[in-house]
Amino acid sequence: MFQIDQIRTTFPLINQGSQQSPPLAYLDNAATTQKPLEVIQRIQAYYENENANIHRGIYDLARQATDDYEAARQKAKNLLNAAKTEEIIFTRGTTESINLVAQSFLDAQLKAGDEVVITAMEHHSNLVPWQMLCKKRGASLKIIPVNDAGEVILEEYRQMLNDKTRMVALVHISNSLGTINPIVEMTQLAKQKGIPVLIDGAQSVSHMEIDVQALDCDFFAFSGHKMYAPTGIGVLYGKAAHLNAMEPYQYGGEMIRTVGYEESTFNTLPHKFEAGTPNIAGAIGLGAAIDFIQKIGLPHIHQHLDDLLQYATEKLGNIQGLRLIGTAQQKTSIVSFLLDDVHPHDMGTILNESGVAIRAGHHCTMPLMRRFGIPGTARASFAVYNTKAEIDQLAEALKKVQAIF
Ligand code: PLP
């Protein structure tokens with residue numbers, strides 16, 4: 001059963017915020033989510049009772065910390081339905097995961113004249129790493145255009161794939177528009193031509209079930225902090241065959257097998273890609289967040305977020321002068337909008353006075369904003385603890401904005 005009151009009380013910040021005047025309506029979840037007690041307490045318990053460095057200790061405490069860290073990897077493996085645990089690499093987040101693939105996977109293969117394909121709605125983290133690599137190698141970055149609703153134009157994508165395409169990197173859910181991209185079909189189209197595919201799952205992993213084996217993607221990246229886990233931890237899933245063939249991303253302790261003054265050899269997966277002491281507490285916190293999500297059930301979460309999206313779309317759609325940016329048929333939990341000619345930053349400031357926390361700006365998708373001919377949007381994004389009452393609070397606050405302007 002999906003019990004919203006119970007869920008809200010499990011998030012201390014949401015719980016306290018609801019007792020303020022005006023109550024806090026936290027609607028900036030695409031930026032980062034709040035953390036439930038399960039996650040906070042798990043991290044505290046780790047530091048109080050289990051803290052030790054991992055993988056090298058021969059005493060009980062170090063073994064315990066190692067087991068906890070590796071148990072979190074197992075949970076991430078199950079979350080994505082990866083074939084092997086060693087295909088899960090802990091990183092700092094989506095950004096680092098994508099940079100790792102760009103530098104350790106693609107750099108070694110990319111030549112002048114090659115092409116890398118991304119969508120027009122990528123977050124800068126799934127754009128700039130490929131752009132820099134293309135510049136370095138004399139390759140070109142191809143952009144799949146979007147229509148006015150904010151959906152990728154599949155026909156253009158189909159025509160873009162050719163024997164020069166070395167990589168396709170796709171955002172699963174757009175953080176600016178809420179569009180859910182047809183990644184099953186898009187991945188298949190690339191795979192039919194033998195082109196590797198990376199999926200940016202920063203916004204999707206806490207919303208819907210992911211099966212990397214069924215998808216047959218080569219890489220999948222996500223961040224813990226957008227799925228109720230701490231900041232500074234994330235995951236790169238990669239097919240073992242790729243990861244084994246790739247050069248290490250960083251060098252140092254943990255990732256080596258033998259070291260001499262002239263030569264070193266490297267550790268097996270996943271350690272080859274985890275140089276130095278990792279974010280042990282973060283990984284354990286991520287494991288607790290995965291447990292939290294799975295306890296509620298992703299289908300229930302998805303349903304709740306869809307209900308909120310539908311409600312918000314209707315409610316905000318009824319405000320005269322409000323223009324929704326991103327009206328894809330397949331969409332979830334993110335509403336981007338403009339109101340009359342009020343600058344989104346001004347809107348954000350006034351909404352804040354009514355207790356409503358939204359994001360205003362380009363949402364790290366500057367080229368997409370340019371595509372729509374706008375400087376940015378105001379964006380409300382929902383998580384498991386949000387309610388229709390909070391959307392009402394947003395709608396009321398928007399009326400105040402209109403009254404002021
Ligand atoms: N990709 C998307 C779609 C995002 O929404 C974000 C963050 O907003 C990122 C990538 C980057 O995530 P992080 O900053 O956690 O590395």
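Leaving aside neighbours within four places in sequence, which residues is Leu-394 in contact with? The legends below treat a predicted model, and the first one gives the answer.

**Figure 1. Leu-394 and the largest nonpolar core.** Neighbours within four places in sequence are left aside here. Leu-394 is in contact with Leu-27, Leu-316, Phe-337, Leu-351, Val-356, Ile-358 and Ala-380. The largest nonpolar core has 105 residues. Leu-394 is among those with the most contacts inside this core, along with Leu-80, Tyr-157, Phe-220 and Leu-398. Helix H11 gives the most to the core: eleven residues. Domain 1 and domain 2 both give residues to this core, so it lies between them.

Figure 2. Across the boundary, 36 residues of domain 1 are in contact with 34 residues of domain 2.

**Figure 3. Helix H11, residues 280–296.** H11 has 17 residues. At 1.5 Å a residue, the helix should span 24 Å, and its end C-alpha atoms are 25 Å apart, so the two values agree. The helix is mostly covered, with 14 of its 17 residues buried. Asn-279 caps the N-terminal end of H11. A side-chain oxygen of Asn-279 lies 2.8 Å from the backbone nitrogen of Gly-282. After the helix comes Gly-297, with a positive phi near 100°.

**Figure 4. Strand S2 and its partner S8.** Strand S2 spans residues 88–91. Ile-88 and Phe-90 point one way from the strand. Ile-89 and Thr-91 point the other way. In a regular strand, side chains alternate between the two faces of the sheet. Here the residues on both sides of S2 are buried. S2 pairs with strand S8 (residues 234–238) in the antiparallel sense, over four bridges. Within S8, Tyr-237 is the bridge partner of Ile-88.

**Figure 5. Glu-87, in the loop between helix H4 and S2.** Helix H4 covers 60–80. Is Glu-87 buried or exposed? At 5% relative accessibility, Glu-87 counts as buried, because the cut-off for buried is under 20%. A polar atom of the Glu-87 side chain lies 2.9 Å from the backbone nitrogen of Ala-240. Leaving aside neighbours within four places in sequence, Glu-87 is in contact with Ala-82, Leu-236, Tyr-237, Gly-238, Lys-239, Ala-240 and Leu-243. Tyr-237 in this list is also the bridge partner of Ile-88. Glu-87 and Thr-10 are 77 residues apart in sequence. In space, they are 32 Å apart, C-alpha to C-alpha.

**Figure 6. Asp-163, in the loop between helix H7 and strand S5.** H7 covers 154–160, and S5 covers 165–171. Asp-163 has a relative accessibility of 66% and counts as exposed. The cut-off for exposed is over 50%. Asp-163 and Asp-114 are 49 residues apart in sequence. In space, they are 8.6 Å apart, C-alpha to C-alpha.

Figure 7. Most peptide bonds are trans. Pro-22 sits in the loop between helix H2 (12–17) and strand S1 (25–26). Pro-270 sits in the loop between strand S10 (264–266) and H11.

**Figure 8. Positive phi at Glu-254 and Asp-340.** Most residues other than glycine have a negative phi. Glu-254 is not a glycine, yet has a positive phi of about 75°. Glu-254 lies in the loop between helix H10 (240–245) and strand S9 (256–259). With a relative accessible area of 13%, Glu-254 is buried. Asp-340 has a positive phi near 45°. Asp-340 lies in the loop between strand S12 (334–339) and helix H13 (344–353). With a relative accessible area of 44%, Asp-340 is partly exposed.

Key: Residues numbered from 1 in each chain as written. Predicted model: local features only at pLDDT ≥ 70, side-chain atom pairs only at ≥ 80, totals over all residues. Heavy atoms only, no water. Helix = DSSP H or I, 4+ residues; strand = E, 2+ residues; numbered from the N terminus. Expected span 1.5 Å × (residues − 1). Buried < 20%, exposed > 50% of the residue type's maximum accessible area, 1.4 Å probe, protein only. Polar contact = N/O pair within 3.5 Å; in protein donor to acceptor, adjacent residues only side chain to side chain. Pairing = 2+ DSSP bridges. Core = buried A, V, L, I, M, F, W, Y, C linked by side-chain atoms within 4.5 Å. Domains from an automatic or database assignment. Contact = heavy atoms within 4.5 Å.
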